Amino acid sequence: MPTETVYGLAANAWDRTAVAKIFAAKSRPATNPLIVHLAGSERLSDALQWPPPPVIRQQIDALAALWPGPLTIVGPRGPKIPDEVTAGKTTVAVRIPAHPVARRLLQACPFPLAAPSANRSTYISPTLAEHVCDASGLGHAVALVIDGGPCAHGVESTILLLGDHPRLLRPGSITAEQLAERLQVAVEELQRQPPAGDSNRDALLAPGMLREHYAPATPLVLLPLAGDRDAAPPAGPDIGRIAFQRLAPHEAARYRRVETLSDNGDLEAVARHLFAALRRLDAAGLRAIHCDTCSPQGLGQAIMDRLRRAAARTE
Ligand code: TXA
Ligand code: MG
């Protein structure tokens, strides 16, 4: 199904047999839990423990204005959600997507939809319907793809762990600053190694984002920020380039292929077009892909998070 972030591979979240098919289609490790998608906040009790503890209730109310939209919350799991969805955890990840087709689909279903991104495990998330079924996608493993057009945001939802110390588990287009402002408390960033004795340690260690790479097969090299271009690796006739804004013709000519994500470096456009550009260059038989970077502020935090993961095999 289309969503405003990336395409999702959906199944009835209350049906463990259906959910098992998601893991099989994606070759996803059973230890990596899924996000449960709901039609609206009046259905939160379909997935979360209800009523939730008061601090979580207050946080949900404080965040309600961001829904529907690209924000996933992690809170105490309700009794209808099977272990398969949460990888046995006592928490569940929940989101209310804004895409009109996803909303219609969720309204038509008498159950919530568990849906990870509709890519093979560890490959790049799909932002076009054809990404789901093309050679690097899920192919015949899915029965139906609903084409809802290109995804508006292009990076996966922000994930926030609710509780006494809310934590950003994955940056996205809803920024840590926006969340902290609404919650009136600091939002801690996920540490790759949560300290021993951290009461959230178990919640943080299990999920896949600590190790997932979402990487292209072609080596990806991140270029230093503009201004430090002397440190950049040399271009060449077998190198592809992802440019955040239009390149001067003489610079573009040094690469075999250039993907330009925006006219002037607008980060919303960069995020929207990034995954499709990575997929196109990955299919072009290049020796390496050189990619622009940005400072990890606001939406730049999500963009750099995905790029660092995609480049992790190369570095
Ligand atoms: O934008 C999105 O969120 C897309 C669309 C389809 O909604 N979905 C998506 O799902 O990105 P997926 O499975 O690719 O990423 C879900 C992330 C994983 O990193 C998983 O570990 C984390 O959510 N997650 C799920 N349940 C969790 C839980 N109970 N505690 C902590 N993390 C959890
Ligand atoms: Mg994913």
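Q49 touches P76, R77 and G78, leaving aside residues up to four places away in sequence; contact here means heavy atoms within 4.5 Å. Q49 sits in the loop between strand 2 (35-37) and helix 2 (54-63), where helices (H or I, at least four residues) and strands (E, at least two) are DSSP runs numbered from the N terminus. This is a predicted model, in which local features need pLDDT of at least 70 and side-chain atom pairs count only at pLDDT 80 or more, while totals for chains, interfaces and linings use all residues. Residues are numbered from 1 along each chain as its sequence is written, chains are lettered from A and ligands numbered from 1 in the order in which they are written, and side-chain values use heavy atoms, with hydrogens and water left out.

**More about Q49**

- Q49 counts as partly exposed because its relative accessibility is 34%; buried means under 20% relative accessible area, exposed over 50%, and partly exposed in between (1.4 Å probe, protein chains only).
- Between the C-alpha atoms of Q49 and P166 there are 18 Å, and the two residues are 117 apart along the chain.

- Let's follow the strands across: an open sheet of 8 strands has the order 1-5-2-4-3-6-7-8, with mixed pairing; two strands pair if DSSP finds at least two bridges between them.
- Strand 1 (11-12) and strand 8 (188-189) are at the edges with a single partner strand each, so one side of each has no neighbour in the sheet.
- Helix 6 (residues 176-183) packs on the sheet and touches strand 3, strand 6 (158-161), strand 7 (167-170) and strand 8.
- The direction of helix 6 makes about 40° with that of strand 6; axes are lines fitted to C-alpha atoms, for helices over the stretch in contact, and angles run from 0 to 180 degrees between N-to-C directions.
- Strand 3 (residues 71-76) pairs with strand 4 (residues 91-95) in the antiparallel sense over 5 bridges, and V74 has A93 in strand 4 as its bridge partner.

**Strand 6 and its partners**

- Strand 3 and strand 6 run parallel and are joined by 4 bridges; the bridge partner of I73 is L160 in strand 6.
- Strand 6 and strand 7 run antiparallel, with 3 bridges joining them, and L161 stands opposite R167 in strand 7.

**Pocket and cavities**

- The largest pocket holds about 420 Å³ of space. On a 1 Å grid over the protein atoms alone, a pocket is an open set of points with protein on both sides within 12 Å along at least five of seven lines, a cavity is a set where a 1.4 Å probe fits but cannot get out, and lining residues have an atom within 4 Å of a point.
- Grid points are joined across faces, edges and corners, and a volume is the space filled by probe spheres set on the points.
- Of the 23 residues lining the largest pocket, L9, A10, A11, A143 and L144 are the closest to its centre.
- Helix 1 gives the largest share of this pocket's lining, 4 residues.
- The lining of the largest pocket has 20 nonpolar, 2 polar and 1 charged residues; Ala, Val, Leu, Ile, Met, Phe, Trp, Tyr, Cys and Pro count as nonpolar, Asp, Glu, Lys and Arg as charged, and the others, Gly among them, as polar.
- The whole structure has 2 cavities of 30 Å³ or more.
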